[in-house]
Amino acid sequence: MQNVSISKGNSKMGRIASVSLPAGITCNPSAPCYKACYARRLAARRQNVRDAYERNWEVYQTHPDIYKLQVKAAAATQRFFRYHVSGDIPDMDYLRMMVEIARELPLTGFMAFTKQYELVNEWIAENGPLPQNLQVLFSVWRNFDCPNPYNLPEAHVAYRDGFHTARSDAYHCHKNCTECCLMGKGCWNLKPGEQVEIDEH
Ligand code: SF4
């Protein structure tokens, strides 16, 4: 049995732990951002990163109970935990697992960006709101419809060519997640309907 690989942080997130999956195979197949995907390009360059994401995917597919146990154990000691620096919510069972973990660990704040809009909307339609400590942001991409009937917070891109989709009141990302979490700002703290704008990687 392989272990799930948990990242202890990176230069942008600081010491915020995360679990990731391979980009592409776990993403919304309609999403148009595959070519521009920073996570995919990073994994393509770094074998150890690619191996870690693929191992996580393998564990989830073959032993989802073990995947859940290990993610939960890693998150249990954290105040903040991030899903998917790479990859996305692959299916409804995975989203259910994220909800279960959040309910079982009410003192940990979880956060995920997703373009799996329909999956999340369907879950909310059937089950009601997500747990308050599971912050799911709809990740908006230009020319890609983002149905958001439940008014979830949104993450928008400030494109290198100057194009914006965010409203003027969006919070602009300053690339220090630890500071955001400590100061009660940014992604973990957005209210329904609020937006964050993040520079294109
Ligand atoms: S807004 Fe803050 S929490 Fe969100 S990505 Fe930027 S630095 Fe991280």
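A residue is counted as buried here if 20 or more other C-beta atoms lie within 10 Å of its own. By that criterion, 38% of the 201 residues of the chain are buried in this predicted model.

**Whole chain.** Colouring by secondary structure will show six helices and eight strands, arranged along the sequence as β-β-α-α-α-β-α-β-α-β-β-β-α-β. The radius of gyration is 16 Å, close to the 17 Å given by the globule rule for 201 residues, so the chain is as compact as a globular protein of that length. Among contacts with a separation of 6 or more, 72% join residues 24 or more positions apart.

**Helix 4.** Next, select residues 92–104. This helix of 13 residues reaches 18 Å from its first C-alpha to its last, close to the 18 Å expected. Display the side chains of Tyr94, Leu95, Met98, Ile101 and Ala102, the buried residues of helix 4. Viewed down the helix axis, these buried residues fall within an arc of 120 degrees, so they line one face of the helix. Asp93 and Arg103, on the other side, are exposed.

**Ligand.** Finally, centre on the ligand and select its surroundings: Cys173, His174, Lys175, Asn176, Cys177, Cys180, Gly186, Cys187, Val196 and Ile198. Helix 6 (177–183) and strand 8 (195–199) each give two or more residues to this shell. By class, the shell has six nonpolar, three polar and one charged residues.

Terms used:
Residues are numbered from 1 along each chain as its sequence is written. This is a predicted model: local features need pLDDT of at least 70, side-chain atom pairs count only at pLDDT 80 or more; totals for chains, interfaces and linings use all residues. A residue is near a molecule or strand if its C-beta atom, placed from the backbone, lies within 6 Å of it. Helices (H or I, at least four residues) and strands (E, at least two) are DSSP runs, numbered from the N terminus. Ala, Val, Leu, Ile, Met, Phe, Trp, Tyr, Cys and Pro count as nonpolar, Asp, Glu, Lys and Arg as charged, and the others, Gly among them, as polar. The expected span of a helix is 1.5 Å times one less than its number of residues. A residue is buried if 20 or more other C-beta atoms lie within 10 Å of its own, exposed if 12 or fewer, and partly exposed in between; C-beta atoms are placed from the backbone. The arc is that of the directions from the helix axis to the C-beta atoms. The radius of gyration is taken over C-alpha atoms; the globule rule is 2.2 Å times the number of residues to the power 0.38. Two residues are in contact if their C-beta atoms, placed from the backbone, lie within 7 Å.
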